[in-house]
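Here's a quick briefing to read alongside the model. Have the structure open and follow the residues as they come up.

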Amino acid sequence: MSLKIAIVGCGKIADAHVEEIGKIPSVHLGAVCDLEPIMAEQLAARYAVPGWYCDVASMLEVEKPDVLHITTPPQSHLALARQAFAAGCHVFLEKPVAPRHCDAEAIVAAAVAAGKKLAVNYWPNYEAPALELRRLFETGALGSPVHVESFLGYDLAGEYGTALKRDPGHWVHRLPGKLFQNVLDHVLNKITLYLDDDQPFIQAIAYCGDAAAAGPGQLLDELRVIVRGAQTSAYATFSAHARPVGHSLRVYGTRNTAYVDFAARTVVLERKQTFPSALGRLVPPFLVAKDYLRQGLRNANSFSHARFHYFDGMRRLLSEFYLSIERDSPPPIAFDQILRVSAMMERIFEQVYPEVFV
Ligand SMILES: NC(=O)c1ccc[n+]([C@@H]2O[C@H](COP(=O)([O-])OP(=O)(O)OC[C@H]3O[C@@H](n4cnc5c(N)ncnc54)[C@H](O)[C@@H]3O)[C@@H](O)[C@H]2O)c1
C-alpha cells in the first residue's frame, strides 16, 4: 500500500521535498501545512497536492499521514515531532534537528518511545560520490581513517543568504549558532561517519570574513574547527568568502586517501605510488585524469537517465527511509549519528558564541 506523506512548513526547502517525493513511486503526497495560509495554498497549487492546512493538528487528524516531513525552522521541530509521533506518524526532519542538543535528544527519545522511524535530511551523504566513498571505506581501500577534511562554502548573495541578510528578525539569527547552525550539519555529518568518538576534543574559531564590515553585532561567517578523536582527527571548515563556493570531503586513510568534490560530483582515490623512479612522477597525473574522465562519463550517463538532479541524494535518502518503514527495518541514519552531530554542533557554538550559553 502506498505510504501517505504530509509536509509541515511550506517555505523555501519544501519545494525540493515535494519534487523528490514525487519521484518515488511507492508513496504519495496527501497534504501540506503552513502557519501562513498563502504559503500552504500556493505550494498545494504549484504541485496539485490534494489537501492544504494552516494547523498541523487538523492535518494530522483529518489526513492521518504515515509520514510527516517537518520542513519548518528548527525552533518548531521538537513540538512538531512530538505531535507527529503522538499521531502515529514517522518523521522525516529537516536539519538542524533543533536549536539545542537537549531538544535533539528529546526528539530521538520521542521517536524511540513511540516506536516510530526518524531520519534527518543529511541528503549530501546520499549523493553518488559520497556513497562511492563509503564503499571504498567499507571494502578496506582506504584502510583506517587517519584524518578527515570537510569543507562547505556558502554564498551569502544567494537565495538563502539574501533572505537572512535582508531580515534582521529571520529565524536563523535567533539560533544559538546563528548562520553556522543552519549549515553545519552538512559539514559535520560527513566527519562523524569516519570519527566515531562520543566526546572528541573540539577547538573552534569564528570571525567575520569581510574585514571592512567586521565589528560588534556583525554576522560571523567564517568558521574553522579542529576535531581530535582517539584514532581520527578532522578539520571542519565553513567559508562564506572562499571562491568558488566549494563543497568537499577528503578522507586520509592508512592505505589510501579519497577526495570527494560534491559540486562536481566526483570521487577520486589518491593511491599509493608503485611505479619506479621518474615513472612514479610521470604516470600519476594520467591516472588521476583517467579517474576524472570515468567520473565525468558516469555523471553524463546519470544525466541522460534523469538521475543528476541537484537533490538526487535526497531522493535516494527518502527512498531508503520509506523502505525502512515498509520493511520495519532500521532507518538509514543511526540515531547515534544524529546525536553526535548535534552534540558536536553545540560544543562548537559554546566556543563561538559563549554569551548565548551563560
Ligand atoms: N537540507 C538542506 O539542505 C536544507 C536546505 C534549506 C533549508 N533547510 C532547513 O529546512 C528548514 C526550513 O528552511 P526554509 O529555508 O525552507 O525556511 P523558510 O523560512 O523559507 O520556511 C519555513 C516555513 O515554515 C513555516 N512555519 C514555521 N513554523 C511553523 C509551524 N509551527 N507550523 C507550520 N508552519 C510553520 C513558515 O511560515 C514558513 O513558511 C530549516 O530547518 C532549514 O535549516 C535544509
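Let's start with P244, which lies in the loop between β10 (233–239) and β11 (247–253); helices here are DSSP runs of H or I with at least four residues, strands are runs of E with at least two, and both are numbered from the N terminus. A cis peptide bond joins R243 to this proline, with omega at about 0°.

This is a predicted model, so local features need pLDDT of at least 70 and side-chain atom pairs count only at pLDDT 80 or more, while totals for chains, interfaces and linings use all residues. Residues are numbered from 1 along each chain as its sequence is written, and side-chain values use heavy atoms, with hydrogens and water left out.

- Most peptide bonds are trans, and most residues other than glycine have a negative phi.
- K95 and P96 are also joined by a cis peptide bond, with omega at about -15°; P96 belongs to the loop between β5 (90–93) and α5 (101–114).
- K178 isn't a glycine, yet its phi is positive at about 45°. You'll find K178 in helix α8 (residues 178–181).
- K178 is partly exposed, with a relative accessible area of 23%; buried means under 20%, exposed over 50% and partly exposed in between, using a 1.4 Å probe and protein chains only.
- S277 is another non-glycine with a positive phi, about 50°. S277 sits in the loop between β13 (266–270) and α10 (279–282) and is exposed, at 63% relative accessible area.

**Around the ligand**

- The ligand sits in the largest pocket. "Sits in" means that more than half of its atoms lie within 2 Å of the pocket's grid points.
- A pocket is an open set of points on a 1 Å grid over the protein atoms alone, where a 1.4 Å probe fits and protein lies on both sides within 12 Å along at least five of seven lines.
- There are 24 residues around the ligand, and I13, D34, K95, W123 and N182 come nearest; to count as near, a residue needs a heavy atom within 4 Å.
- From the backbone, an N or O atom of I13 is 2.9 Å from a ligand oxygen, and one of L35 is 3.2 Å from a ligand nitrogen.
- In the side chain of N182, an N or O atom lies 2.5 Å from an oxygen of the ligand.

**Two buried loop residues**

- N125 is in the loop between β6 (118–120) and α6 (128–138) and is buried at 10% relative accessible area.
- Not counting residues up to four places away in sequence, N125 touches A130, L131, N189, K190 and L193; contact means heavy atoms within 4.5 Å.
- Y154 lies in the loop between β7 (145–153) and α7 (159–166) and is buried too, at 12%.
- Beyond its neighbours within four places in sequence, Y154 has contacts that include Y160, L179, F238 and R243.

- E326 is placed in helix α12 (residues 312–327) and is partly exposed, at 38%.
- In sequence, E326 and S26 are 300 residues apart, but their C-alpha atoms are 9.6 Å apart in space.
- The side chains of E326 and S26 make a polar contact of 3.4 Å. Such a contact is a pair of N or O atoms within 3.5 Å; within protein, one must be able to donate a hydrogen and the other to accept it, and residues adjacent in sequence count only if both atoms are side-chain atoms.

Key:
1 Å grid on protein atoms, 1.4 Å probe; cavity = no way out; pocket = protein on both sides within 12 Å on 5 of 7 lines; lining within 4 Å.
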